[in-house]
Amino acid sequence: MAIIKRWRALIILSLLLIGLVAINPERGQTAVSLTLGSAKDMFLLLPPILVLVGLIDQWIDKSLLIKYMGDDAKFTGVLVALLLGGLAAGPMYIAFPIAITLLKKGANIRYIVFFLGVWTTAKLPIVLFEVSAFGWKYTLIHVLVGLFFFYFVGVFFEKHFDRETLLKEDITNLAE
Amino acid sequence: MQSMILYSVIVILTSISWLNDRKKTKKAIIKAKNMLIKLAPELLAILLFVGLSLAVLTPDVISSFIGEQSGLIGVVLASIVGSFAMLPSFVVFPLASTLVENGAGLVQVSALIATLVSVGFASLPMERRIFGKEFTYLRNLSAVVMAFVFAFVIWVVLPWL
């Protein structure tokens, strides 16, 4: 049962894809080739990022992370989150394993939520795309709204969540 | 190019780590492998979702229901589409400018952009697996709220853009 549950989303989506191919073979074919294309991107990006997460897990000392992103980090926490999220590459889901490892190492929830916000709205490579598509004024508004908003979401999350409950499952261990 | 830099950095870091402590390095790589295995079903689901959304949501389809006159309903529709679809971020902005050229409103497109990049219906299973249910739903919900705030700000400043 648990196995079916884990693969549920994948099974439903595969059925949808088969349905699409049956109804509209042309669109279906597009979907298949797009899926394969993004699979290539994912398997190019993800393994090195996960190795990086593994290395962070082994080498970065808890006290170091607490100093830069911990409860009393204040401005440094914001700065580190900005740097990590802003220089990032890749889709949002790649940020999740990084975020949870930083949290495990003692980072404050506020900076983790802010880091995820920076990753989604203000990573540099994407900001450049945005400027060329909509101009710098629009981009500036987007980035500023995003940064302020997600910082305050972080403040709220810090009050609302207990770090221990968030860390319940260790995704770096296979045994459950 | 991006992945070349990424791989070079990782190879250098791993080598430094290996020279300093083989045991730790081995452990780091095992952990990376574990994460990949553990998240595999969720990751594969994301891939299928990306393919499906790109194939179904062509610019014509989207601009047809978030035109300049669609108002708040258009913003709501744009956020729903943006939350469900999942597109690589380098596709998001070229697509968005095509939408505006095809007659979609900039306010509505802004809501679409904001939800596309930070709300992930497709990555919900993966996010839940890592952070738990409550965190995941609240974070995605807050990102939807952010999309509305952003669309509102763009609506206010539109005459000056």
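Visitor: How many residues line the second largest pocket, and which lie nearest its centre?
Guide: The lining has 32 residues. Nearest the centre are Leu52(A), Ile56(A), Leu84(A), Val9(B) and Leu13(B). A pocket here is an open set of points on a 1 Å grid over the protein atoms alone, where a 1.4 Å probe fits, with protein on both sides within 12 Å along at least five of seven lines; lining residues have an atom within 4 Å of a point.

Visitor: Where does this model come from?
Guide: It is a predicted model, where local features need pLDDT of at least 70 and side-chain atom pairs pLDDT 80 or more, while totals for chains, interfaces and linings use all residues. Residues are numbered from 1 along each chain, chains are lettered from A and ligands numbered from 1 as written, and side-chain values use heavy atoms, without hydrogens or water.

Visitor: Which helix gives the most?
Guide: Helix 1 of chain B, with ten residues.

Visitor: What volume does the second largest pocket have, and what classes line it?
Guide: The volume is about 860 Å³, counted as the space filled by probe spheres on the grid points. Its lining has 28 nonpolar, four polar and no charged residues. Asp, Glu, Lys and Arg count as charged; Ala, Val, Leu, Ile, Met, Phe, Trp, Tyr, Cys and Pro as nonpolar; the others as polar.

Visitor: And how much space lies in the largest pocket?
Guide: About 1,100 Å³. It is lined by 40 residues. Closest to the centre are Arg8(A), Ala9(A), Leu124(B), Pro125(B) and Arg128(B).

Visitor: What classes line that one?
Guide: There are 27 nonpolar, three polar and ten charged residues. Helix 1 of chain A supplies the largest share of the lining, nine residues. Other elements giving at least two include helix 2 (22–56) and helix 8 (133–157) of chain B.

Visitor: New topic. How many helices and strands are in chain A?
Guide: Nine helices and zero strands. The C-alpha trace of chain A spans about 55 × 50 × 30 Å along its principal axes. Of its 176 residues, 49% count as buried. Buried means under 20% relative accessible area, exposed over 50%, partly exposed in between, with a 1.4 Å probe.

Visitor: How many aromatic pairs does the structure hold?
Guide: 15, over all chains. Take Phe114(A) and Tyr151(A): their ring centres are 5.7 Å apart and their planes meet at 85 degrees, so the pair is edge-to-face. Rings pair if their centres lie within 6.5 Å; planes under 30 degrees apart are stacked, over 60 edge-to-face, the rest tilted.

Visitor: Where in the chain do Phe114(A) and Tyr151(A) sit?
Guide: Phe114(A) is in helix 6 (residues 109–121) of chain A, and Tyr151(A) is in helix 8 (residues 136–160).

Visitor: Is Phe114(A) buried or exposed?
Guide: Phe114(A) is buried, at 4% relative accessible area. Tyr151(A) is partly exposed, at 22%. Tyr151(A) also pairs edge-to-face with Phe152(A), 5.6 Å centre to centre with 80 degrees between the planes. Phe152(A) is exposed, at 53%.

Visitor: Which residues form one aromatic cluster?
Guide: Phe96(A), Phe156(A), Phe157(A), Phe161(A), Phe131(B) and Phe135(B).

Key: Phe/Tyr/Trp six-rings, centres within 6.5 Å; stacked < 30°, edge-to-face > 60°. Helix = DSSP H or I, 4+ residues; strand = E, 2+ residues; numbered from the N terminus.
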